[in-house]
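Here is a quick tour for anyone opening this entry for the first time. Keep the sequence and the 3D view side by side as you read.

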Amino acid sequence: GIFLVRFEIHLLRAAVRALVGGLDALFAALGLREDSFAVGALSRAVAAELASYTPARNRRRMAPHRASVVFVDRTLDLAGAVGHHGDNLAEKILSVLPKLPGHKTDVMVNMVELTALQTPDETCSVIAPGCLAQPNDPAAKALWESFMNLKQKEAVMEARRHLVEAASRENLPIKMSMGRVTPEQLSSYIQLFKNNFKALENHCGLLQLVLATVQTLKHPQNSKWDNFLAFERLLLQTIGESEMPSVLKQLLPMIKSYNERTQDDYTCEDFLVLLVYMYSVVGEMKGGKELDEAEEEVKKALLKAICDDPEPSPLLQKITGSDSSLNLAPQKATDAVDGIFESLRDIARARMHMKQFNSIHNPGSNTHQASYKPLLKQVVEEICNSDRPDPVDIEHVSSGLSDLLKTGFSMFMKVIRPHPGDHPLLIIYMIGGVTVSEVKMVKDMVATRKPGTQVLVLSSALLTPLSAIELLFAAEHLQPDADI
């Protein structure tokens with residue numbers, strides 16, 4: 001046991017050093033001299049490592065440009081990682097389409113529609129898949145920006161506009177229609193390019209992005225998105241009014257085994273998404289017999305659903321360490337579910353040391369509904385606060401003896417401590433992943449509240465609800481990622 005803990009600490013140190021080395025190289029390329037700040041325990045460790053890293057100290061002596069770097073722990077707000085509150089087409093495309101092999105973020109776009117091949121096979125491997133990264137196509141790059149920065153309805157209208165412009169340029173017989181954009185309408189426009197090889201070649205990147213849109217809008221998981229959103233909103237109301245045990249009991253009838261499930265019902269992974277959302281929003285809660293019993297009932301129902309599934313999804317296989325229900329030993333499944341609930345309790349405790357950012361749940365009032373209050377939004381509000389009080393939970397991490405002396409002297413005399421809003425460049429690094437919606441939120445908030453400040457959001461991953469679940473329950477957290 002002790003050896004294992006030491007080994008994990010060694011791996012964590014190696015991972016932190018690798019991250020700091022990468023960040024130092026980036027800051028050197030940008031010519032930055034940074035003040036480091038941390039929100040959360042792991043962030044503090046990373047910021048301290050960066051502060052004391054010898055090449056970084058040398059760089060800071062010479063670098064011409066000032067910046068604030070704020071590290072934020074993802075575990076402080078996992079509701080943001082698994083929630084469905086963003087009205088964002090890019091987020092939906094990344095969430096529902098299958099991953100491009102060998103890539104962490106990009107997805108596969110089925111290109112069969114543009115060929116003469118007629119196949120009922122959804123996973124047709126004869127035609128190479130399309131993808132989202134289109135660096136050589138200016139129209140496609142502009143459209144992807146729209147997908148990330150506009151509301152879904154506006155983004156889909158942009159897809160139609162780009163397609164109509166491309167068809168007009170190629171003299172294709174397009175009939176422009178106004179009103180609501182449907183996936184069927186976009187498909188009919190795409191069909192015009194089908195037998196025109198020159199037009200296909202000229203607009204291949206754009207066509208891949210529009211096909212990604214069509215396939216996402218038609219995807220069964222997309223129709224579930226609104227169900228998730230409705231359920232999350234209901235949870236926010238219920239959590240304010242009742243204790244966690246009664247909320248867990250309300251989940252029970254919805255956990256259906258494989259044979260009882262319809263396409264609209266939640267799968268086992270969907271329940272893990274909901275559970276992470278619940279435990280993260282509720283935060284530190286009162287333990288005791290009632291909570292233990294409610295958790296046991298949910299565990300039993302979830303265990304039965306997992307064991308009854310004849311073809312578990314790749315994610316469930318990773319979580320249970322088994323490739324089918326026939327190979328799944330009951331003890332193995334029980335251990336996996338117990339481990340999930342231990343992690344859920346840890347998720348609920350993640351903010352217990354926070355004074356200012358200890359809640360992401362706004363309980364509401366007679367006039368306002370209860371709502372989710374993203375931690376990242378609270379952090380950015382604090383950074384942009386024009387009154388500039390000393391932030392309580394955004395901790396400045398000193399980079400040397402002079403800073404430590406300043407901190408000591410501040411007990412006796414007025415010393416102006418560094419503030420994360422001091423510099424024209426603000427870099428926010430989310431340790432553990434960030435979502436497209438969160439990036440957009442930060443960008444919009446800084447533009448509104450602190451115009452003139454440039455903001456960069458960096459992270460280790462672009463998260464979707466299921467990728468967040470995989471990182472939480474199925475990944476060897478401290479093993480280096482060997483994927484290409």
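## The big picture

In the protein chain, 76% of the contacts with a separation of 6 or more are between residues 24 or more positions apart. Keep in mind that this is a predicted model.

The protein chain has 20 helices and seven strands. It is 484 residues long, and buried residues make up 47% of them.

## Strand β1 and its partners

Let's start with β1, which covers residues 32-39. This strand is mostly covered, with seven of its eight residues buried.

β1 has β2 as a partner: the two run parallel and are joined by eight bridges. If you want a spot to look at, find Leu32, which stands opposite His65 in β2. β1 also pairs with strand β5 (residues 395-397), this time in the antiparallel sense and over three bridges. Here, Ser36 stands opposite Val397 in β5.

The side chains of Asp35 and Arg66 meet in a salt bridge, at 3.2 Å from N to O. Asp35 sits in strand β1 and Arg66 in strand β2 (residues 65-73), so this pair ties together parts that are 31 residues apart in sequence.

How covered are these two? Asp35 has a relative accessible area of 13%, so it counts as buried. Arg66 has a relative accessible area of 29%, so this one is partly exposed.

## More charged pairs

How many salt bridges are there by this rule? The count comes to 22. Some of these charged residues join up in a group: Asp24, Glu34, Arg59 and Arg60 are linked in a network of salt bridges.

Another pair to find is Lys318 and Glu470, whose closest N and O atoms are 2.4 Å apart in a salt bridge. Lys318 belongs to helix α15 (residues 314-320) and Glu470 to helix α20 (residues 465-473), so the pair ties together parts that are 152 residues apart in sequence. Glu470 counts as partly exposed because its relative accessibility is 27%. Glu201 and Lys198 are both exposed.

## Asn88, tucked into a loop

Is Asn88 buried or exposed? Its relative accessibility is 2%, so Asn88 counts as buried. You'll find Asn88 in the loop between α4 (79-82) and α5 (89-96).

The side chain of Asn88 reaches the backbone oxygen of Met148 at 2.9 Å. Setting aside neighbours within four places in sequence, Asn88 is in contact with Phe147, Met148, Val436, Ser437 and Lys440.

## The loop between α7 and α8

Next, go to the loop between α7 (152-169) and α8 (183-191), which is where Asn171 sits. The phi angle of Asn171 is near 55 degrees, a positive value in a residue other than glycine. With a relative accessible area of 69%, Asn171 is exposed.

Met178 has its place in the loop between α7 and α8 too. This residue counts as exposed because its relative accessibility is 67%. Met178 and Met157 are 21 residues apart in sequence, and their C-alpha atoms are 9.7 Å apart in space.

## A nonpolar patch on the surface

Our last stop is a nonpolar patch on the surface, formed by Leu26, Leu30 and Leu456. Together, these three have about 200 Å² of accessible area.

Where does Leu26 sit? Leu26 is in helix α1, which covers residues 2-30. With a relative accessibility of 33%, Leu26 counts as partly exposed.

Technical notes:
Residues are numbered from 1 along each chain as its sequence is written. This is a predicted model: local features need pLDDT of at least 70, side-chain atom pairs count only at pLDDT 80 or more; totals for chains, interfaces and linings use all residues. Side-chain values use heavy atoms; hydrogens and water are left out. Patches are made of residues with over 30% relative accessible area and no salt bridge: like charges are joined within 9 Å, nonpolar side chains (Val, Leu, Ile, Met, Phe, Trp, Tyr) within 5 Å. Accessible areas come from the Shrake-Rupley method with a 1.4 Å probe; for residues, only the protein chains shown count as cover. A salt bridge is a side-chain nitrogen of Lys or Arg within 4 Å of a carboxyl oxygen of Asp or Glu. Helices (H or I, at least four residues) and strands (E, at least two) are DSSP runs, numbered from the N terminus. Buried means under 20% relative accessible area, exposed over 50%, partly exposed in between (1.4 Å probe, protein chains only). A polar contact is a pair of N or O atoms within 3.5 Å; within protein, one must be able to donate a hydrogen and the other to accept it, and residues adjacent in sequence count only if both atoms are side-chain atoms. Contact means heavy atoms within 4.5 Å. Two strands pair if DSSP finds at least two bridges between them.
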